[in-house]
Amino acid sequence: MQNKIAEIISKFKEEIKVIEQGNLNDFAVVERGIQLSRSCVQQLRLVVRDNKFNSIKEEIYFFKHQKPFVYSRIKFYSKLYHFLLERPAGSSKRQRDFIDSCIEKLQNSSKRNLDFVKYYREGDTTLDHHYFLRGNDNLSLVSDTSHFYTDAEFSTSHDNIMAKVMAYDLLVAHYNKELVELGHAIPKEKRINICAELDLKWTSTKTDLVELIYALQASGAIKDGSAGIRDMVAACEQMFNIDLGQYYKTYVEIRARKMN
């Protein structure tokens with residue numbers, strides 16, 4: 001069965017790559033992404049329904065990696081479709097504010113599953129037999145109650161949450177790209193490091209700097225607390241000659257660590 005699954009997903013990756021390289025501000029392109037993803041999920045459903053996994057390891061791999069990879073694209077393109085519908089016309093500032101609000105909503109949604117996000121980010125496997133095996137749910141570990149309404153033959157307690165986390169990463173990356181194109185974030189190749197001569201290079205971890213930036217923002221010490229995180233990140237990246245990458249994801253990981 002694994003050969004059939006691998007063949008379906010390999011073909012899907014080739015087709016979805018074409019979509020990803022297209023214009024994701026075009027409704028037709030986004031709709032095509034939804035159609036391809038739904039079709040692939042349906043093919044996988046039929047294969048799983050009519051066949052058996054050869055081992056527990058194979059089943060866990062499918063529900064932890066393969067199905068979520070495809071299902072996350074349904075979530076990503078569906079969210080993107082609504083994003084295009086709701087995106088305001090007008091000034092760049094208005095659009096930037098809208099995108100920032102979308103990122104904030106994603107963050108708030110991610111907070112509901114911080115324990116699992118931490119589990120995923122750290123590459124943990126200790127609970128895989130509960131999270132990604134059918135019929136082996138541990139109710140004390142289930143935070144997404146929608147699982148109880150899903151198809152028990154084609155879902156586990158956490159494969160849907162895994163897809164949500166993957167979709168989150170895709171959406172944040174896309175929103176960041178949109179902000180760069182709107183001029184809200186400065187592309188790395190266009191930055192002029194005014195502190196280069198002073199050699200103010202950051203020598204601690206990126207996580208430490210992200211935590212410091214959020215602490216400064218929360219304290220209200222910069223611009224009376226109205227300074228945007230994105231602007232502060234751009235300033236610190238230039239000042240300390242560092243690329244912080246997906247700092248929103250780093251922040252979520254910090255929050256998970258602090259809660260624990």
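What is the handedness of the crossing of α8 and α9? The crossing of these two helices is right-handed, where right-handed means that the near helix is turned clockwise from the far one by less than a right angle, and left-handed that it is turned anticlockwise.

## Basis of the model

This is a predicted model, in which local features need pLDDT of at least 70 and side-chain atom pairs count only at pLDDT 80 or more, while totals for chains, interfaces and linings use all residues. Residues are numbered from 1 along each chain as its sequence is written, and side-chain values use heavy atoms, with hydrogens and water left out.

## Overall make-up

The protein has 10 helices and zero strands. Helices (H or I, at least four residues) and strands (E, at least two) are DSSP runs, numbered from the N terminus. From that terminus on, the elements run α-α-α-α-α-α-α-α-α-α.

Of the 260 residues in the protein, 43% are buried. Buried means under 20% relative accessible area, exposed over 50%, and partly exposed in between, with a 1.4 Å probe and protein chains only. Among contacts (heavy atoms within 4.5 Å) with a separation of 6 or more, 73% are between residues 24 or more positions apart.

## Helices α8 and α9

Two packed helices are described by the angle between their axes and the distance between the axes. Axes are lines fitted to C-alpha atoms, for helices over the stretch in contact, and angles run from 0 to 180 degrees between N-to-C directions. The axes of α8 (residues 206–219) and α9 come within 10 Å and cross at roughly 135°. The two helices are therefore oblique to each other; angles under 35 degrees count as roughly parallel, over 145 as roughly antiparallel, 65 to 115 as roughly perpendicular and the rest as oblique. On the α8 side the contact is made by L209, I213, Y214, L216 and Q217, and on the α9 side by I229, M232, V233, C236 and F240. These residues divide into nine nonpolar, one polar and no charged. Ala, Val, Leu, Ile, Met, Phe, Trp, Tyr, Cys and Pro count as nonpolar, Asp, Glu, Lys and Arg as charged, and the others, Gly among them, as polar.

Helix α9 (residues 229–240) has 12 residues and reaches 16 Å from its first C-alpha to its last, close to the 16 Å expected at 1.5 Å a residue. The expected span is 1.5 Å times one less than the number of residues. Nine of the 12 residues of α9 are buried, and the helix is mostly covered. The buried residues are I229, R230, M232, V233, A234, C236, E237, Q238 and F240. R230 counts as buried because its relative accessibility is 6%. The C-alpha atoms of R230 and N176 are 54 residues apart along the chain and separated by 9.6 Å. Just after α9, N241 takes a positive phi of about 55°.

Helix α3 (residues 56–86) and helix α7 (residues 159–181) have axes that come within 7 Å and cross at roughly 50°. The pair is therefore oblique, and its crossing is right-handed. By class, the contact of α3 with α7 has 14 nonpolar, four polar and seven charged residues.

Helix α4 (residues 92–110) packs with α7 at an angle of about 160°, with the axes 10 Å apart. These helices are therefore roughly antiparallel to each other, and the crossing is left-handed. R96, I99, D100, C102, I103, L106, Q107 and S110 of α4 meet Y168, L171, V172, Y175, N176, E178 and L179 of α7. The residues of this contact comprise nine nonpolar, three polar and three charged. Helix α4 has 19 residues and reaches 27 Å from first to last C-alpha, close to the expected 27 Å. Its buried residues include R96, I99, C102, I103, L106, Q107 and S110.

E178 is found in helix α7 and counts as buried at 4% relative accessibility. Leaving aside neighbours within four places in sequence, E178 is in contact with N25, R87 and I99.

V30 lies in helix α2 (residues 27–50) and counts as buried at 0% relative accessibility. With neighbours within four places in sequence left aside, V30 is in contact with L24, Y77, L80, Y81 and L84. The C-alpha atoms of V30 and E20, 10 residues apart along the chain, are separated by 9.1 Å.
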